[in-house]
Amino acid sequence: MKYCNLGDIRSSAIIAGCMRIADKPLLQTEKVLFEALRAGVNTFDLADVYGGGDCERIFGVAMRDLELPRKDYVLQTKCGIRKNEDGKIVLFDFSHDYILSCVENSLKRLNTEYIDILLLHRPDTLIVEEEVARAFETLQTEGKVRAFGVSNFSAGQMRLLKKEGINVVANQMQFSLLHTPMIDAGLNVNMYEDVSVSRAGDTLEYCRVNNIALQAWSPLQYGFFKGVFVGNENYPLLNAELNAMAEKYGCAPSTVAIAWILRHPAFKQVVTGTTSPEHMQEMCAAADIELSKEDWYKLYLAPGRTLP
Ligand SMILES: NC(=O)c1ccc[n+]([C@@H]2O[C@H](COP(=O)([O-])OP(=O)(O)OC[C@H]3O[C@@H](n4cnc5c(N)ncnc54)[C@H](OP(=O)(O)O)[C@@H]3O)[C@@H](O)[C@H]2O)c1
């Protein structure tokens with residue numbers, strides 16, 4: 001396993017995402033978490049909204065059962081998305097009191113005294129950044145949160161936080177072999193083709209310059225939770241290349257897909273959402289594989305992309 005520093009927190013390159021554990025048997029989740037820990041994963045990703053709060057609750061129970069000392073793992077969760085009783089997202093809310101109440105509720109559900117990293121889940125356009133700074137200061141002073149990060153934020157939105165002296169240590173963004181807006185425009189600067197249109201601005205470069213770790217979410221999905229592209233017959237060209245690389249590097253095709261993300265210098269971490277112990281092993285193996293530059297570009301081009 002590889003590790004990176006999120007502020008002064010040492011965090012694994014593979015993060016075990018817990019968004020899909022709510023409808024799985026507890027024993028299965030415990031096996032997955034155990035497998036992750038065995039492979040060197042020390043960081044776990046949650047959000048207050050996952051499973052309507054059930055994911056945090058189940059994670060708390062599983063970690064209690066696994067009897068791992070709290071200081072031995074990094075707990076990351078998110079706040080700022082509000083849903084109605086039907087589970088529909090109705091607003092994003094970064095107001096001072098809402099952030100504080102979210103953290104109190106997460107701490108209870110997670111059965112812990114502190115959160116290592118708190119991420120703002122999705123940008124609230126009505127953000128008053130001074131309020132966020134005040135809330136963060138209170139949380140840090142009270143020892144309830146050690147460090148802060150964001151998710152799905154642009155460079156400009158991170159600049160607003162920086163203006164208030166907020167130290168952002170991570171930005172969690174969707175990124176995979178079939179979701180590449182963060183790099184497409186950078187490879188096609190100043191061209192007339194659509195691919196040259198920047199959908200993420202200079203978020204990637206901003207993160208590198210400011211030492212903010214990019215964490216890739218949904219690393220095996222195409223679209224917005226549409227399904228897994230590895231082994232999917234709708235993506236024959238990409239899968240042919242993944243299979244060839246898997247043979248070359250002596251690993252599973254899904255391992256190659258994760259190693260491809262980690263080969264990019266900006267993406268320090270991948271958040272896997274697997275709920276299977278066997279798949280967790282494949283995900284973790286990626287941290288020990290370094291794709292060559294040539295192979296990285298071959299995979300990028302495999303689905304039919306071109307370079308200018
Ligand atoms: N910040 C955000 O806005 C945001 C949004 C979405 C997600 N996230 C975070 O990112 C994490 C990952 O998201 P995700 O679950 O959509 O990503 P993912 O890891 O790309 O997808 C996981 C799904 O792929 C399946 N899968 C099929 N073959 C697999 C293989 N060979 N290896 C691994 N998984 C395989 C898994 O099934 P099995 O369980 O059977 O392996 C699972 O259903 C979440 O848990 C959450 O923590 C963050």
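Helix 1 passes helix 10 in a right-handed crossing, where a crossing counts as left-handed if the near helix is turned anticlockwise from the far one by less than a right angle, and as right-handed if clockwise. The model is a predicted one, in which local features need pLDDT of at least 70 and side-chain atom pairs count only at pLDDT 80 or more, while totals for chains, interfaces and linings use all residues. Residues are numbered from 1 along each chain as its sequence is written.

Helices (H or I, at least four residues) and strands (E, at least two) are DSSP runs numbered from the N terminus. By this scheme the protein chain has eleven helices and 14 strands. Its radius of gyration, taken over C-alpha atoms, is 19 Å, close to the 19 Å that the globule rule gives for 308 residues, so the chain is as compact as a globular protein of that length; the rule is 2.2 Å times the number of residues to the power 0.38. Along the principal axes, the C-alpha atoms fill a box of roughly 50 × 45 × 40 Å.

The table sets out the helix pairs, with axes being lines fitted to C-alpha atoms over the stretch in contact, and angles running from 0 to 180 degrees between N-to-C directions.

| Helix pair | Angle | Axis separation |
|---|---|---|
| Helix 1 (26–38) and helix 10 (277–285) | about 25° | 9 Å |
| Helix 3 (96–110) and helix 4 (129–141) | about 30° | 8 Å |
| Helix 1 and helix 2 (54–66) | roughly 65° | within 10 Å |

Helix 1 and helix 10 are therefore roughly parallel to each other, a term for angles under 35 degrees. In this pair, Lys31, Val32, Glu35 and Ala36 of helix 1 meet Pro277, Met280, Gln281 and Cys284 of helix 10, contact being defined by C-beta atoms, placed from the backbone, that lie within 7 Å. The residues of this contact divide into five nonpolar, one polar and two charged, with Ala, Val, Leu, Ile, Met, Phe, Trp, Tyr, Cys and Pro counted as nonpolar, Asp, Glu, Lys and Arg as charged, and the others, Gly among them, as polar.

Helix 1 also passes helix 2 in a right-handed crossing, and there Leu26, Thr29, Glu30, Leu33 and Phe34 of helix 1 meet Ile58, Val61, Ala62, Asp65 and Leu66 of helix 2. That contact comprises seven nonpolar, one polar and two charged residues.

Of the 26 residues around the ligand, Gly17, Met19, Leu220, Gly273 and Thr275 come nearest, a residue being near if its C-beta atom, placed from the backbone, lies within 6 Å. Strand 14 (267–272) and helix 10 each supply at least two residues of this shell, and helix 10 gives the largest share, three residues. By class, the shell has ten nonpolar, 13 polar and three charged residues.

How values were computed
Angles under 35 degrees count as roughly parallel, over 145 as roughly antiparallel, 65 to 115 as roughly perpendicular and the rest as oblique. Two residues are in contact if their C-beta atoms, placed from the backbone, lie within 7 Å.
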